[in-house]
Amino acid sequence: MATHIGITRGVQCTPEQIILTAGSQGALDLVVRVLLDPGEQAWVEDPGYFGARGALMAAEGSLIPVPVDEQGINVEAGRQLGPNARMAIVTPSHQFPTAVTMSLGRRLELLEWSREAQSWIVEDDYDSEYRFSGRPLQALQGLDRNGRVIYIGTFSKVLFPSLRLGYLIIPPALLPAFMAARRLIDVHTPLLEQLALTDFITEGHFARHLRKMRLLYLERRNTLVAALSRSLATCWRSPYLKPVCTWSPGCPLVSAASMPLSKPPRKD
């Protein structure tokens, strides 16, 4: 795993820094258990993943919703709302639910805030393997020079959700606390799945699987974008072509906007 994410995401770590968890939600839960005391502030993206908010509320943290714009989480707004927050939970590679990719400038700005405030950044990189346009940006963890980023990954998107296997990459200074907490919670995830996945990766099957699925999902995405462009031509454009909606009368999106919304399942 350390070799794979080092090559594909520019993540810098040793195998000793990796803690396996029950999916990315288990990773979020472990992070807030270890780092957040009741009442301490944490930035969350607005709009953002409800699972992150749930983990923070379970830890009795004080949530600071920080708006997301076309460059990702607005760090300047976060500084005004909660300058000394204990942590920020972000999805920089593929923000949920807006699909925005955090710009390099905004990533550096976020890292500078964490250095100044001595706060932690939790990077939830839940589906970075599937990127279909533009050059991928290096993970926040790989840009971090001060050991302030905790990286979360998961195999739920690239393999199947029932595998329930995610992972944390922990800065060396935090490893003793995280290892102690992990031993008290469940010691480790099931070993059989770990052994099978190890063989799947080392024998090259995982890399071939990713290449195959990227092509398949790219074809499906392009088909959906083309169908939406034809069917909703008066009110919708592809998000890859600067989306604009005129909200004209009779627009299907206007009708849909009045329907009650349910929380969509993002990952695990």
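Reply: A88 stands opposite I121 in β6. Strands here are DSSP runs of E, at least two residues long, and helices are runs of H or I of at least four, both numbered from the N terminus. This is a predicted model, in which local features need pLDDT of at least 70 and side-chain atom pairs count only at pLDDT 80 or more, while totals for chains, interfaces and linings use all residues. Residues are numbered from 1 along each chain as its sequence is written, and side-chain values use heavy atoms, with hydrogens and water left out.

β5 and β6 pair in the parallel sense over four bridges; strands count as paired if DSSP finds at least two bridges between them. Between β5 and β6 the chain passes through helix α5 (residues 104-117). On the β7 side, β6 also runs parallel, joined by four bridges, and D124 has I152 of β7 as its bridge partner.

Five of the five residues of β6 are buried, meaning under 20% relative accessible area (1.4 Å probe, protein chains only). W120, V122 and D124 point one way, I121 and E123 the other.

W120 and V122 are among the residues in contact with M87, contact being heavy atoms within 4.5 Å. M87, L168 and F178 have the most contacts inside the largest nonpolar core, which has 29 residues. Such a core is a set of buried Ala, Val, Leu, Ile, Met, Phe, Trp, Tyr and Cys residues joined through side-chain atoms within 4.5 Å. β6 (120-124) is one of the elements that give two or more residues to this core, and α2 gives the most, with six.

Key. Buried < 20%, exposed > 50% of the residue type's maximum accessible area, 1.4 Å probe, protein only. Right-handed = clockwise from strand over helix to strand, strands pointing away. Lists of a residue's contacts leave out its neighbours within four places in sequence.
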